[in-house]
Amino acid sequence: MSADLGEHGTTAEGGAPSEGNAAGAVRAVRDAADPAPGQAGPPLPDGATAREHRTPAGGAPAMVDVRSVHKSFGAHEVLRGIDLRVRAGEVAVVLGPSGSGKSTLLRTINHLEKVDSGRISVDGALVGYRRCGDRLYELREREILKQRTRIGFVFQNFHLFPHLTVLDNIVEAPVSALKRPRRQAVAAAERLLARVGLADRAASYPRQLSGGQQQRVAIARALALEPKLLLFDEPTSALDPELVGEVLDVIKDLAHQGTTMIVVTHEIGFAREVADTVVFMDDGRIVEQGSPAEVLDRPRHDRTRAFLSKVL
Amino acid sequence: MSSSTLTPSTPPTEQDRPSAPAPRIVPRRRPGQWAAAVVLLVLLALAIRSVLRNRAFQWDVVAHYFTSTAVLRGLGLTLWLTAVVMALGFALGALLAAMRLSGNPVLRAVSWGYVWLFRSVPILVQLLFWFNIGALYPQILGVRTVNLLGPVTVAVVGLTLHEAAYAAEVVRGGILSVDRGQIEAAQALGLGRWRRSRRIVAPQAMRAIVPPAGNMLIGTLKGTSIVSVIAVQDLLYSAQLVYHRTYQVIPLLMVATLWYVAVTSVLGVGQHYVERHFARGSERR
Ligand SMILES: Nc1ncnc2c1ncn2[C@@H]1O[C@H](COP(=O)(O)OP(=O)(O)OP(=O)(O)O)[C@@H](O)[C@H]1O
Ligand SMILES: [Mg+2]
């Protein structure tokens, strides 16, 4: 029921993410039991200063709202209480050492990975669950798939479908998931290909393209669903150095047009240029978040400093 | 030391002169390979000559029966049986593979148990078992079992159940060969389960399925000859019926063999095109 989903967007627990929040986290079912009613929009993540070129409305609700999310693989707790808010039109860049849980966090946001406790909502709707009274019921697959069409995901290794042409890769989801007429989807795909600079490669197969071209096709494929949110998991890590720029240019372009994005990357220069919020993760926790200037130039935590000294 | 392996006719100074043409590459000679090839070809020619010259093969009898009605009818049944068993076997095998890969432990166990059982029991035993099932269940749903299960039906059932056990493993291997990221990408794009299987997984799995499936097809073609034990008149049994009358054993076995070889060859060519179809997109530029 959508009424239940919408309600969640306005239930804020207030306050910045804190260790106490994480320690006191309960299982997903009970976690939703005590909403604080009547509060307006959620508080801004500390230091989330929006840039002028795409200032969202003052009290805009969070496009992404992650609350005390925990996730373990077996005995290994990979996410230990993550709180993150990204407002519409913002770009959040997530940094952190290998194994800190960045990919896992992104994957929970479109329910490729289920959380153990906590909750995530995108554009006001709980991801993967339906709230009914004091319970969160996992949605049926069909409903989850529908939610995913509003969230674009770009993988480190592209994961283009090798047996389909570039055009068919892009057209597949709009036609089969959104039931768009094929002609309309093809026209839109051609526009997207032009936008990522690959208008002439529609009939190629993915393996006939360079890595940078493949990743740009993957971005076009994600955009074809006109998602409200784009998630990038190290989009340039699998690329030769000279191909990184062409992919980052496409992502920057999207950022300037006001697309809401969460980007996991090790490209500090990119973070400085386009991020509204830089999030530093280590060992399953968000250690520090704030504007690029705050986190990248005046990091408060030793671990952030140690990490930056290695990648800069 | 390395200069001795280069062409000795080239004076070393020529390599250093920029204007000189690039030295021609002369492949290493392989006299051993030539000798082996010649010996083999001679032996092969001798063998063919002796087969053609040997009157005991009775090539005129072979030619006479090669297109006789009885043999052609047997060939037709063999082809029909192969096609039906392959189709049903792979349909059941795909179902078993899906069960084996499902999250449901009961389905997984049942699938595993099926494959274990039907791969363990010799096909001959199975055919005789189904042929004599009437001894265990004289009636099935009020119909006399003997009427329900004629020899051809028994052949189809027995061969299909056997085939499915192997097909299940071939299909499962094919599905497992598809990169997990492909499925995740399809999920992230909101593609439904059925669409993911049909449009994303199946075409990529086929690349790993076709070669062993081609093997199985040819194996099944020849394997159907086992139904002669329950008096189904396939290609081999039809030939046997003739030589039981005429005692021309070798020529009639040659008739059946030549047909098996001919059909296998055609299937091999077909497999080449099927493989090429599913390989699209896999070659660079
Ligand atoms: N499916 C899984 N099963 C078990 N462990 C997993 C699984 N996925 C991730 N992990 C573990 O979770 C931890 C965090 O993984 P994750 O991929 O989120 O890290 P990351 O920050 O993205 O690292 P990287 O920069 O190397 O991509 C790692 O220790 C990893 O081994
Ligand atoms: Mg990662």
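F161(A) sits in the loop of chain A that runs between β8 (151-154) and α6 (166-176), where helices (H or I, at least four residues) and strands (E, at least two) are DSSP runs numbered from the N terminus. This is a predicted model, in which local features need pLDDT of at least 70 and side-chain atom pairs count only at pLDDT 80 or more, while totals for chains, interfaces and linings use all residues. Residues are numbered from 1 along each chain as its sequence is written, chains are lettered from A and ligands numbered from 1 in the order in which they are written, and side-chain values use heavy atoms, with hydrogens and water left out.

**F161(A) and its surroundings**

- F161(A) counts as buried because its relative accessibility is 0%; buried means under 20% relative accessible area, exposed over 50% and partly exposed in between, with a 1.4 Å probe and protein chains only.
- Leaving aside residues up to four places away in sequence, F161(A) touches N169(A), P206(A) and R221(A) as well as Q182(B), A185(B), A186(B), L189(B) and I200(B), a contact being heavy atoms within 4.5 Å.
- Eleven residues along the chain from F161(A) comes E172(A), and the C-alpha atoms of the two are separated by 10.0 Å.

**Helix α6 of chain A**

- Ten of the eleven residues of α6(A) are buried, so that this helix is mostly covered.
- Among the buried residues of α6(A) are N169(A) and E172(A), together with V166(A), L167(A) and S176(A).
- The cover over these buried residues includes α7 (182-195) and α8 (211-223) of chain A, along with α11 of chain B.

**Chain A as a whole**

- Chain A holds twelve helices and twelve strands, and 58% of its 312 residues count as buried.
- Of the contacts in chain A with a separation of 6 or more, 69% are accounted for by residues 24 or more positions apart.
- Chain A exposes about 12,900 Å², of which carbon and sulfur atoms supply 49%; accessible areas come from the Shrake-Rupley method with a 1.4 Å probe, and for residues only the protein chains shown count as cover.

**Ligand 1**

- For E234(A), the distance from a side-chain N or O atom to an oxygen atom of ligand 1 is 3.1 Å.
- Ligand 1 taken alone exposes 630 Å², and the protein buries 60% of that.

**Chain B**

- The unreviewed UniProt entry places the feature "transmembrane region" at residues 34-52, 72-97, 109-131 and 249-270 of chain B; such annotations may be inferred rather than shown by experiment.
- Residues 72-97 of chain B are 100% helix, with end C-alpha atoms 36 Å apart, and residues 249-270 are also 100% helix, with end C-alpha atoms 32 Å apart.
- V229(B) lies in the loop between α11 (193-223) and α12 (235-246) of chain B, and V229(B) is partly exposed, with a relative accessible area of 43%.
- V229(B) and L128(B) are 101 residues apart in sequence, and 8.1 Å apart in space from C-alpha to C-alpha.

Note on methods
Polar contact = N/O pair within 3.5 Å; in protein donor to acceptor, adjacent residues only side chain to side chain.
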